[in-house]
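Subject: Structure handover

Hello,

Here is the structure for you to look over. My notes follow below it.

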Amino acid sequence: MSTAIYSHPDCRRHDMGEWHPESPARLQAIEDQLILARLDGLLERREAPLAEIPAIGRNHTPEAIALVRDNTPTAQGDIYPLDGDTSLCSYSYQAALRAAGAALAATDAVIAGSIANAFCAIRPPGHHAMPTEPMGFCLFNNVAIAARHALDSHGLERVAIIDFDVHHGNGTAASFRDDPRVLMASFFQHPFYPYTEPEPRTATMINIPVPARSGGDVVRQLITEHWLPALHEFKPEMIFISAGFDAHREDDVGGMGLVEADYAWITRQMMTVARLYARGRIVSCLEGGYNLSALGRSVVAHVKVLADLE
């Protein structure tokens with residue numbers, strides 16, 4: 001079985017303005033680095049379908065869906081601001097449906113066994129999107145939608161969501177805070193956007209704040225001491241990854257100090273857990289990462305491990 005990359009040209013059409021760091025150039029940077037690393041021909045390419053609204057509705061209220069759908073401009077070039085850093089252009093709703101659709105299709109394929117795992121090169125990202133509203137560059141919570149699909153449509157009993165973005169995945173935490181079927185484990189720079197206080201630590205909510213300038217040594221220790229024991233106890237039947245690469249030391253949006261080797265190490269740990277308990281099943285979805293070179297190189301490191309090419 002192979003590793004698949006899910007994406008769609010619509011994901012590049014979502015454009016919040018030339019000034020915005022969450023830009024279409026992010027996906028081109030990833031593509032360029034995959035080609036440079038000679039991975040392009042070793043990965044299966046799959047086109048993201050449009051997500052169906054009932055699937056999105058498992059995680060988002062009708063009002064949250066309507067807020068994106070009904071405010072997407074009809075005229076090309078127009079921008080509708082949802083908040084200070086999240087806007088809609090004429091392609092945004094379509095792009096959001098493709099992003100969620102990629103995560104859903106990847107989940108179906110991995111559970112069916114037609115691929116080993118998947119990386120979804122998608123935008124807009126998702127982990128800040130609350131069940132009730134978009135925020136933080138995010139329209140719909142792609143990973144949360146896919147996790148609910150695995151649980152509710154495929155009958156899985158336990159899934160894990162791993163989030164290594166520099167920002168706290170507050171939307172994901174809000175989605176699953178009271179759901180014992182989902183273990184969420186993350187680290188994030190604190191204090192930092194979205195300026196939410198960490199949830200109380202439980203057996204299934206292991207979201208760990210770290211100070212600015214924390215590097216790979218800090219992250220590897222907390223994963224070894226906190227994430228891995230919880231994951232081994234929980235025994236997830238599938239792992240979803242909110243793969244944000246803005247904790248890289250070259251990314252000025254954040255202030256942490258990770259490098260490509262750290263992302264590869266984290267991915268190896270998750271591969272080991274997935275092989276033990278989840279038949280190797282992993283779906284990874286792009287979140288942040290705004291230094292284009294660092295983003296592309298980090299995705300290559302992540303995907304190499306997923307594809308057993310390292």
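**Helix α9 and what follows**

Arg279 comes after α9 and has a positive phi, near 55°. This is a predicted model: local features need pLDDT of at least 70, side-chain atom pairs count only at pLDDT 80 or more, and totals for chains, interfaces and linings use all residues. Residues are numbered from 1 along each chain as its sequence is written, and side-chain values use heavy atoms, with hydrogens and water left out.

Helix α9 covers residues 260-277, 18 residues in total. Its first and last C-alpha atoms are 26 Å apart, close to the 26 Å expected at 1.5 Å a residue. That expected span is 1.5 Å times one less than the number of residues. The buried residues of α9 include Tyr263, Trp265, Ile266, Met270 and Met271. Buried means under 20% relative accessible area, exposed over 50%, and partly exposed in between (1.4 Å probe, protein chains only).

**Overall fold**

The protein has 10 helices and 10 strands. Both are DSSP runs numbered from the N terminus: helices are H or I with at least four residues, strands E with at least two. The C-alpha trace spans about 50 × 40 × 40 Å along its principal axes.

Buried residues make up 60% of the 310. Of contacts between residues at least 6 apart in sequence, 73% join residues at least 24 apart. Contact means heavy atoms within 4.5 Å.

**His127**

His127 sits in the loop between β5 (117-120) and α6 (142-152). Is His127 buried or exposed? It counts as buried, because its relative accessibility is 2%. Leaving aside neighbours within four places in sequence, its contacts include Asp163, Asp165, His167, His168 and Glu287. Cys138, Asn141 and Ser242 are also among them.

**Gly113**

Gly113 lies in the loop between α5 (92-112) and β5. It is partly exposed, with a relative accessible area of 31%. Gly280 is 167 residues away along the chain, yet the two C-alpha atoms are separated by 9.9 Å.

Best wishes
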